[in-house]
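I opened the file today to look up a few residues and the places around them. My notes follow in the order I took them.

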Amino acid sequence: MENALLVGLSAQMALRRNMEIISNNLANVSTSGFKREAPVFEELLVPVDDSTSSVAEISFVRDWGVLRDMTEGPMQQTGSPLDVAVEGTGFLIVRTPEGERYTRDGHLKLDAQGRLVTSDGNPVLSDGGEITIPPGTADIKIANDGTVSTAQGVAGKFRVVTFPPTSMLKEGKNLYSADVAPTPAENTRVLQGMIERSNVEPVIEMTKMIEVLRAYQHSTETLNATDDMIRRATQKLGEVKV
């Protein structure tokens, strides 16, 4: 019976992890460029060191990791000349205090120095460094190849890169790092006046949340029943007269 409690606890830990990831997906439904995630679990077989048991192994659940869905989210037109969406598998490069990072969140703005930055204030990089827009410039054009130009000429060109999804490391604030060097993205377009929305489907995530909640409740009922059986068996043994 103790093994049954351990198996039930293992299942509840997995369900709790699943619920955390689903909740995070739902919390980022409106986050530009966010990619939904799904937990990946594996079976862990543990040998039973009990000669009286008819079971040779016990099956537990182990949290293996997180699978990130890199499918492209729907494009939304914003009308802002500084907003950009990356169509394809590419990522923009931004400079952070920790070094270069990658993002698909193209909700950009100009800072006090006239630099193109993300909503968190990280400068977006071109082949020549930061992209600076001259003061008083109103007509900003961004071509499909990422070239940013104004009436005064070309201000820079977005560095759009790609790398294997398995090398991506999530760092929060819609930023990624990678354990391999990125390569220039091919078959990728930069769309001005648009942003890529999150690829999270709220209805699907809510359905999954309900399923996880029901599974957790069922697991709790099973654990309570097992615990009650152990308690009653202990009471019976205590009543046995020697």
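**Entry 1: D111.** I looked at the side chain of D111 and found a polar contact of 2.7 Å with the side chain of R115. The side chain of D111 also reaches the backbone nitrogen of Q113, at 3.0 Å. I placed D111 in the loop between β7 (109–110) and β8 (116–117). I note here that the model is a predicted one, and that goes for every entry below.

**Entry 2: T147.** Next I went to strand β12, residues 147–150, where T147 lies. Is T147 buried or exposed? Its relative accessibility is 18%, and buried means under 20%, so T147 counts as buried. The side chain of T147 has a polar contact of 3.0 Å with the side chain of D145. I then listed what T147 touches, leaving out residues up to four places away in sequence: K141, I142, V154, G156 and K157.

**Entry 3: the cores.** I looked for the largest nonpolar core and found that it has 17 residues. Which of them touch the most other members? They are V84, L116, V148 and F158. Strands β4 (84–87) and β5 (91–96) each give this core at least two residues. In general, nonpolar side chains in soluble globular proteins tend to be buried together.

I took V148 as an example and listed its contacts, again without residues up to four places away in sequence. V148 touches L116, I131, I133, I140, K141, I142, G153, V154, A155, G156, K157 and F158. There is also a second, separate core of 8 residues, and F91, Y102, L125 and M168 are among them.

**Entry 4: Y102.** I followed up Y102 from the second core. Y102 lies in strand β6, residues 99–103. With a relative accessibility of 7%, Y102 counts as buried. Beyond its neighbours within four places in sequence, Y102 is in contact with F91, L92, I93, V161, F163, N174, L175, Y176, S177, A178 and P182. I also checked Y102 against P47: the two are 55 residues apart in sequence, and their C-alpha atoms are 44 Å apart in space.

**Entry 5: V124.** I found V124 in the loop between β8 and β9 (125–126). V124 has 1% relative accessibility and therefore counts as buried. What is V124 in contact with, leaving aside its neighbours within four places in sequence? I noted I93, V94, L108, L116, V117, T118, G129, E130, I131 and F158. V124 and E186 are 62 residues apart in sequence and 19 Å apart in space, C-alpha to C-alpha.

**Entry 6: the largest pocket.** I looked up the largest pocket and wrote down a volume of about 240 Å³. Its lining is made of V40, W64, V66, L67, R68, M70, P165, T166, M168, L169 and K170. Two elements give two or more residues to this lining, β2 (57–68) and β15 (168–172). Which element gives the largest share? It is β2, with 4 residues. Sorting the lining by type gave me 8 nonpolar, 1 polar and 2 charged residues.

**Entry 7: L169.** I stayed with one of the lining residues, L169. L169 is in strand β15. With 43% relative accessibility, L169 counts as partly exposed. Not counting residues up to four places away in sequence, L169 touches L175, Y176 and S177. From L169 to L125 I counted 44 residues in sequence and 20 Å in space, C-alpha to C-alpha.

Entry 8: Last, I looked at backbone angles. Most residues other than glycine have a negative phi. K173 is not a glycine, yet it has a positive phi of about 55°. K173 sits in the loop between β15 and β16 (175–178). Is K173 buried or exposed? K173 is exposed, because its relative accessible area is 69% and the cut-off for exposed is over 50%.

N187 is not a glycine and has a positive phi of about 55°. I found N187 in the loop between β17 (183–184) and β18 (189–192). N187 has 77% relative accessibility, so it counts as exposed.

Notes:
Residues are numbered from 1 along each chain as its sequence is written. This is a predicted model: local features need pLDDT of at least 70, side-chain atom pairs count only at pLDDT 80 or more; totals for chains, interfaces and linings use all residues. Side-chain values use heavy atoms; hydrogens and water are left out. On a 1 Å grid over the protein atoms alone, a cavity is a set of points where a 1.4 Å probe fits but cannot get out, and a pocket is an open set with protein on both sides within 12 Å along at least five of seven lines; lining residues have an atom within 4 Å of a point. Grid points are joined across faces, edges and corners, and a volume is the space filled by probe spheres set on the points. Ala, Val, Leu, Ile, Met, Phe, Trp, Tyr, Cys and Pro count as nonpolar, Asp, Glu, Lys and Arg as charged, and the others, Gly among them, as polar. A nonpolar core is a set of buried Ala, Val, Leu, Ile, Met, Phe, Trp, Tyr and Cys residues joined through side-chain atoms within 4.5 Å. Buried means under 20% relative accessible area, exposed over 50%, partly exposed in between (1.4 Å probe, protein chains only). Contact means heavy atoms within 4.5 Å. A polar contact is a pair of N or O atoms within 3.5 Å; within protein, one must be able to donate a hydrogen and the other to accept it, and residues adjacent in sequence count only if both atoms are side-chain atoms.
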